[in-house]
Amino acid sequence: MPQDRPQMSEDDDGQSPPLDLRSAAIADPCSSSPNKSRNCIPSGAMTSQAFPDHVLENVLENVLQFLDSRSDRNAASLVCKSWWRVESLTRSEVFIGNCYALSPARLTQRFKRIRSLLLKGKPRFADFNLMPPDWGANFAPWVSTMAKAYPWLEKVDLKRMFVTDDDLALLADSFPGFKELILVCCEGFGTSGIAIVANKCRKLKVLDLIESEVSDDEVDWISCFPEDVTNLESLAFDCVEAPINFKALESLVGRSPFLKKLRLNRFVSLEELHRLLLGAPQLTSLGTGSFSHDNAPQSEQEPDYAAAFRACKSVVCLSGFRELMPEYLPAIFPVCANLTSLNFSYANVSPDMFKPIIHNCHKLQVFWALDSICDEGLLAVAATCKELRELRIFPFDPREDSEGPVSEVGLLAISEGCRNLESILYFCQRMTNAAVITMSENCPELTVFRLCIMGRHRPDHVTGKPMDEGFGAIVKNCKKLTRLAVSGLLTDQAFRYMGEYGKLIRTLSVAFAGDSDMALRHVLEGCPRLQKLEIRDSPFGDVALRSGMHRYYNMRFVWMSACRLSKGCCRDIARAMPNLVVEVIGSDDDEDNRDYVETLYMYRSLDGPRKDAPKFVTIL
């Protein structure tokens, strides 16, 4: 099962502009340094007392509070130093796409009134075990700095960060009004740390643990929530691989009248889910847990599960279904008609099990599933879900030599039936150019196209030709495309198409593709908005890397592993671009490969190289 599978509630990286260092959000606009920072979310109204002697700045304060987009606030901060200063005082939320792009001290010096922080750490390839687990991205320096600067902090949203129990304890002790904690793909903490947050954050509204590694400290963290009525609106712990105190959970749900989102782990049985649903008919988002019955039922008569779902008339987002017992799947029929989001990515559902369900999901906009639904299941999706906006199909068996049950047949059906599709992630074993070209023509609103043909260098399985024309059609016909992942047999021609037509692409992921350095040159010279470049196992070397030197200051990061880079070239780039951090991870030490770079990670930083690099990381 792939690990790159966050919950539906999470914003995909390709859907909104990430933080880079191109604006004056962090850096002073009067500085001669090219380092800027783009990190904007609108803030609430602020008092005019900050500038009693400056009428213009008082007016600006009242105007800037209405700017809703990051790009608009960034643009405002670049006008002049006066606007830069006012913008800093009217911002309450900050998004930092790379935790090493700036120091926590710079953040607190620049912004004085932050109430919400969204912080990202490791690159996405860490989800595929392509990064050492102890590489870094520690939350400790951030929480210790914010504890002194932002005692009013209310929200922390972390992704791919290393978070310890001590970090969570400091967070709980330092922010008396803390309301929201979201940990996505994080590690380093356990149920002890979660218990501290539950116990001390009395105003907590959101506790979402999504795809994170949570150690089992044998602590009854559910019982640590306040004993009186809570403010909980969202509780997600489906990734916690530890039994929970169900009686405490049932009591917690019962005294949480505002609870709208509840996602359970596999230790919650179907009988227990039934009891929870009866006590929480107000839920709108539900993660079902194991969806199998308890080995020791508490009563001789089996509960009416369909009636429990029928009582939850507000449910529009449904996920979970771990350890699925197929005979109980019809219980969800009563809520299918209202569903806008359905996640079967942990359920091995056959087409015969799946079709009776999907035929009732006419309002569905987001659908995730394993490829066990086969092309037959995708045909049913195409026939029913005319409003579908996002589709993700994951492999049940991710081995390269396995026989995948979905193919160009399913993709073609989706393109013909779901014309409003905006985002697709599709794992398969075989594909054709014709099917991809048809999708580009039928789904011009696509902003995200990630086609993962498992197996290396696989051509169009009908014609035997490279997949160049298919991906070329995607970048040519999908004018709004911002995120692209390519696979299969691709020559330099495919990258020439990307450089010529992919003018809005911000994220590009490449694996086992290309013929020569020219492929990467086409992209670096032709995609002006490129922010994130992820490459593995491709024949790109020093010439290709040097061709992008005019671009790297404007990008969030470049990741290249198992390519043909030399340490000498990487060192030259580091010397020529002093504001660029060039990390080399795990090079060979033998005589023949001493200058070979196993993994290169480059990113722009306002504060220079990090101080916590482990021994296997060399910063050039």
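The average pLDDT of the chain is 88, and 87% of the residues score at least 70.

Helix 14 leads us to the next point, its packing with helix 15, residues 433-442. The axes of these two helices come within 9 Å and cross at roughly 15°. Because angles under 35 degrees count as roughly parallel, helix 14 is roughly parallel to helix 15. The crossing of this pair is left-handed. On the side of helix 14, the contact is formed by Glu408, Leu411, Leu412, Ile414, Ser415 and Glu416, and on the side of helix 15 by Ala435, Val436, Thr438, Met439 and Asn442. By class, the residues of this contact are 6 nonpolar, 3 polar and 2 charged.

I turn now to helix 5 (140-149) and helix 6 (165-174). At what angle do the axes of helix 5 and helix 6 cross? They cross at roughly 15° and come within 10 Å. Helix 5 and helix 6 are therefore roughly parallel to each other, and their crossing is left-handed. Helix 5 contributes Ala140, Val143, Ser144 and Ala147 to the contact, while helix 6 contributes Asp167, Leu170, Leu171 and Ser174. The contact of helix 5 with helix 6 has 5 nonpolar residues, 2 polar and 1 charged.

Asp134 sits in the loop between strand 2 (116-120) and helix 5. Is Asp134 buried or exposed? Asp134 has a relative accessible area of 52%, and is therefore exposed. Leaving aside residues up to four places away in sequence, Asp134 touches Pro614 and Phe616. Between Asp134 and Gly188 there are 54 residues in sequence, and the C-alpha to C-alpha distance is 9.8 Å.

Finally, a word on confidence. Over residues 6-25 pLDDT stays under 50, and the model has 98 contacts beyond four places in sequence for this stretch. Over residues 28-53 pLDDT also stays under 50, with 101 such contacts. Where pLDDT is low, the predicted coordinates should not be read in detail. Thank you for your attention.

Definitions and conventions. Residues are numbered from 1 along each chain as its sequence is written. This is a predicted model: local features need pLDDT of at least 70, side-chain atom pairs count only at pLDDT 80 or more; totals for chains, interfaces and linings use all residues. Side-chain values use heavy atoms; hydrogens and water are left out. Axes are lines fitted to C-alpha atoms, for helices over the stretch in contact, and angles run from 0 to 180 degrees between N-to-C directions. Helices (H or I, at least four residues) and strands (E, at least two) are DSSP runs, numbered from the N terminus. Angles under 35 degrees count as roughly parallel, over 145 as roughly antiparallel, 65 to 115 as roughly perpendicular and the rest as oblique. A crossing is left-handed if the near helix is turned anticlockwise from the far one by less than a right angle, and right-handed if clockwise. Contact means heavy atoms within 4.5 Å. Ala, Val, Leu, Ile, Met, Phe, Trp, Tyr, Cys and Pro count as nonpolar, Asp, Glu, Lys and Arg as charged, and the others, Gly among them, as polar. Buried means under 20% relative accessible area, exposed over 50%, partly exposed in between (1.4 Å probe, protein chains only). pLDDT is the predictor's confidence in each residue, from 0 to 100.
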